[in-house]
Amino acid sequence: QVQLVESGGGSVQAGGSLRLSCAASGLTFSNYGMGWFRQASGKEREFVAGISWNGVGTIYGDSVKGRFTISRDGAKNSIYLQMNSLKPDDTAVYYCAKPRDTYHFYPGGPRRESDVGSWGQGTQVTVSS
């Protein structure tokens, strides 16, 4: 059974930084691109960042480009999201996501909710002005 466990959320002032982690188990981690999504209160869940199965390729949502960096560590079966220059608009619950199928179909990880096969429980990030 796939499990995705996020950590690293918290409260920070605007301009600050946080680093989220997601530890994956129950899967052959190297077979999957992975991703991060977020959902602010009262809004739809949105794509934040994706990373390819081999870590070579990354992609970001427009609202976080240049500020957030996604990475992965195969030895730890983990992905990370380094968030810099945080803004109040970044306040949301952040979710780690695994696609429904392997890199053959989702080489860069999930991009839409319909691509996702497994979600983490989420971690709250709150940015105050």
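Rings of Phe, Tyr and Trp (its six-membered ring) form a pair if their centres lie within 6.5 Å; planes under 30 degrees apart count as stacked, those over 60 as edge-to-face and the rest as tilted. The views below come from a predicted model, in which local features need pLDDT of at least 70 and side-chain atom pairs count only at pLDDT 80 or more, while totals for chains, interfaces and linings use all residues. Residues are numbered from 1 along each chain as its sequence is written, and side-chain values use heavy atoms, with hydrogens and water left out.

**View 1. Ring pairs link F37, F47, Y95 and W119 into a cluster.**
The count of aromatic pairs comes to four. One of them joins F37 and F47, which are edge-to-face at 5.6 Å centre to centre, with 80 degrees between the planes. This pair links distant parts of the chain, F37 in strand β4 and F47 in strand β5, 10 residues apart; strands (E, at least two residues) and helices (H or I, at least four) are DSSP runs, numbered from the N terminus. F37 counts as buried at 1% relative accessibility, and F47 also counts as buried, at 17%. Buried means under 20% relative accessible area, exposed means over 50%, and partly exposed is in between (1.4 Å probe, protein chains only). F37 also forms an edge-to-face pair with W119, at 5.2 Å centre to centre and 75 degrees between the planes. Here the linked parts are strand β4 with F37 and strand β10 with W119, 82 residues apart. W119 is partly exposed, with a relative accessible area of 28%.

**View 2. R45 and E113 form a salt bridge.**
The structure holds six salt bridges, each defined as a side-chain nitrogen of Lys or Arg within 4 Å of a carboxyl oxygen of Asp or Glu. In the bridge between R45 and E113, the closest N and O atoms are 3.4 Å apart. R45 lies in the loop between β4 (34-39) and β5 (46-51) and E113 in the loop between β9 (92-99) and β10 (116-119), so the pair ties together parts that are 68 residues apart in sequence. E113 counts as partly exposed, at 40% relative accessibility.

R112 is exposed at 52%, whereas D115 counts as buried at 5%.

**View 3. Arginine side chains sit over the rings of Y80 and F29.**
The charged end of R19 is 4.1 Å from the centre of the Y80 ring. R72 lies over the face of F29, at 4.2 Å from the ring centre. A charge sits over a ring if NZ of Lys or CZ of Arg is within 6 Å of the ring centre and within 35 degrees of the ring normal.

**View 4. E6 is a buried residue in strand β1 (residues 3-7).**
The relative accessibility of E6 is 5%. Residues that E6 touches, not counting those up to four places away in sequence, include C22, W36, Y95 and Q121; contact means heavy atoms within 4.5 Å. A polar atom of the E6 side chain lies 3.0 Å from the backbone nitrogen of Q121, and one lies 2.9 Å from the backbone nitrogen of G122. The C-alpha atoms of E6 and I79, 73 residues apart along the chain, are separated by 9.3 Å.

Definitions and conventions:
Polar contact = N/O pair within 3.5 Å; in protein donor to acceptor, adjacent residues only side chain to side chain.
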